[in-house]
Amino acid sequence: MDQETVRTICYLARLQIDADKAQKIENDLETIIEMIGGLKEFDTENVQPLYSPLEKTAFMHEDTENSDNQKEKFLKNAAASNEDYFLVPRVVE
Amino acid sequence: MSIQFKTIQQLREMLDKKVISSEELINETLKLAEDLKDLNCFVTMNEDASIEKAKKIDQAERVDSTLSGIPLAQKDLFCTEGLRTTCSSKILSNFIPPYTATAVKKLESAGSITIGKTNMDEFAMGSSNETSYFGNVHNPWKKGYVPGGSSGGSAAAVAAGIVPAATGTDTGGSIRQPAAHCGITGIKPTYGRVSRWGMIAFASSLDQAGPLARSAEDCAILLNEMSGHDSKDTTSLDIESKDLLHTINQPIKGLKIGIVKEFSLDDLDSEVQNCFEDSKKLYETLGAEFIEISLPNISASVPTYYSIAPAECSSNLSRFDGVRFGHRAENVEDLNDLYIKSRSEGFGDEVKRRILIGTYALSAGYYDAYYKKAQQVRRLIKNDFELAFESIDLIMTPTSPGTAFAFGSKGAQNPIELYLEDLFTISSNLAGLPAISIPHGKVNSLPAGLQLVGNFLREDQILNAAHIFQQNSEFHLKKPSMEEF
């Protein structure tokens, strides 16, 4: 874990770390990744990953309309919106 | 008559005998919360709506539910329509959900009254409630000590006797560990037992909602209401829910309890060991049989969890971008800058740290070595449990390696120190198993918890074992003096 890797992960996660905390974060990540790295001691050859304890997920249901239009309710929590859309800074010049 | 420290059943009796009206009960509860506000266990109160609901209940001709008029507190991670839901984060500090989580809706439909939303570790990431944007919660047993986490506010509110019970969520021990540190009872149900719809997600394959209360019996009352299939949650189990009260009082003669060989207690405080040995003896006198079992891969639980949970968190928390809800940064240059600044200003340090670990574990070149590897080891852990449960009914461990600790005393230099708080609890989340924590003694004047882990969908068995323990001991009846508050 070096500064360059931390910078790349921060960008991927869309996070900025304050300069005075950068070293601490770098050290913490190093320690945690090292701990997770300990998993390589466990033999997992031919072991299927277990992504959910239930194994079977995504129950299907009929695709039916079951609620009213709640546009106004959902737009209310946005910091910026007009009557139809969430507003963001201009993305197309 | 004071309502402080009353159980659900005691309050039910007071309401039924008209010793108190529902409105009076809610007013008393709100006053108690106000008098004890130094505990900092609530983020938002729900005064007007709860009084209004209580009045309606008083006017109703008959009571047809155990929970009718009973005050409850909800962890501030359950969406509640029209009532601020913050996840104890700056990024959601102004969020008013347009809908209510299924688990809360079920409890409210059964007549309970939500009096407020409880403080917690930010986005449930923590074991001490010290990562909350709204400040630390004090342990009712000792000021300046943590209540545990992440459901720290819920545990403190119940332990202080403000409410008889509260909801929590448990991703790696977040119901059981605070229940243990605060001297109350808390159960994490089987994964899929309680709907996750409307719960703000941390790690979707591990998160599960459950109750914290003053007894196993009260936990059973709440879990009976919270459980059940929900078509809005694709991981909600479509199975019939048993009445957990029906079997809670069965004798436990012949119950086979597993003791995990790999969990050496020798390194723990001798008083923690003594509590554990005393509890074993009590169960033996009640007719239970102890069998040593082996979970050969259990030492991988903490690293497995700290790969999977941050990976799922980094994915789930990508939705917080300042656009549709939550904190939005000002003075931004473009859309990307809006995302970065809103997230960086809105999330606290622990949340950022976990998002970064998860992003790393999921990134190209590392996915197989960290994320996929952890999911493979997770299967080994689950297989170990399956094999063990062929010869036993439940597993007994301490809930936590120690008791509550002073603010700031763990994890400041090395985060792993705090991650080890969940040593005994994490594996049941990885395997999706139900587990309960009950108080079973004191260590240095602070409560210690005993954990019972059940087989898949066997909440009935662990609640039965916990209830019988409580019928034959008084640890769950102990109350903090509250003189410091």
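Predicted model: local features only at pLDDT ≥ 70, side-chain atom pairs only at ≥ 80, totals over all residues.
α3 (71-75) of chain A and α4 (102-109) of chain B each give at least two residues to the lining of the largest pocket.

**Largest pocket**
- The volume of the largest pocket is about 650 Å³.
- Its lining counts 27 residues, and those closest to the centre are Phe74(A), Cys79(B), Tyr99(B), Trp197(B) and Gly198(B).
- Sorted by class, the lining of the largest pocket holds 13 nonpolar, six polar and eight charged residues.

**Second largest pocket**
- Here the volume is about 490 Å³.
- Among the 27 lining residues of the second largest pocket, Glu130(B), Thr131(B), Asp349(B), Glu350(B) and Arg353(B) lie nearest its centre.
- Two or more lining residues come from each of α2 (19-37) of chain A and α11 (349-362) and α13 (415-419) of chain B.
- α11(B) supplies the largest share of this lining, with five residues.

**Helix α1 of chain B**
- In α1 (residues 8-16) of chain B, the buried residues are Ile8(B), Leu11(B), Arg12(B), Met14(B) and Leu15(B).
- These residues sit on the same side of α1(B) because they span an arc of only 165 degrees around the axis.
- As a rule, residues three or four places apart in an α-helix point the same way, because there are 3.6 residues a turn.
- The cover over the buried residues of α1(B) includes α2 (22-35), β2 (71-75), β4 (165-170) and α7 (216-226) of chain B.
- After α1(B) comes Lys18(B), with a positive phi near 60 degrees.

Note on methods
Residues numbered from 1 in each chain as written. Chains lettered and ligands numbered in written order. Heavy atoms only, no water. Buried < 20%, exposed > 50% of the residue type's maximum accessible area, 1.4 Å probe, protein only. Helix = DSSP H or I, 4+ residues; strand = E, 2+ residues; numbered from the N terminus. Arc of directions from axis to C-beta. Contact = heavy atoms within 4.5 Å. 1 Å grid on protein atoms, 1.4 Å probe; cavity = no way out; pocket = protein on both sides within 12 Å on 5 of 7 lines; lining within 4 Å. Points joined across faces, edges and corners; volume = space filled by probe spheres on them. Nonpolar A, V, L, I, M, F, W, Y, C, P; charged D, E, K, R; others polar.
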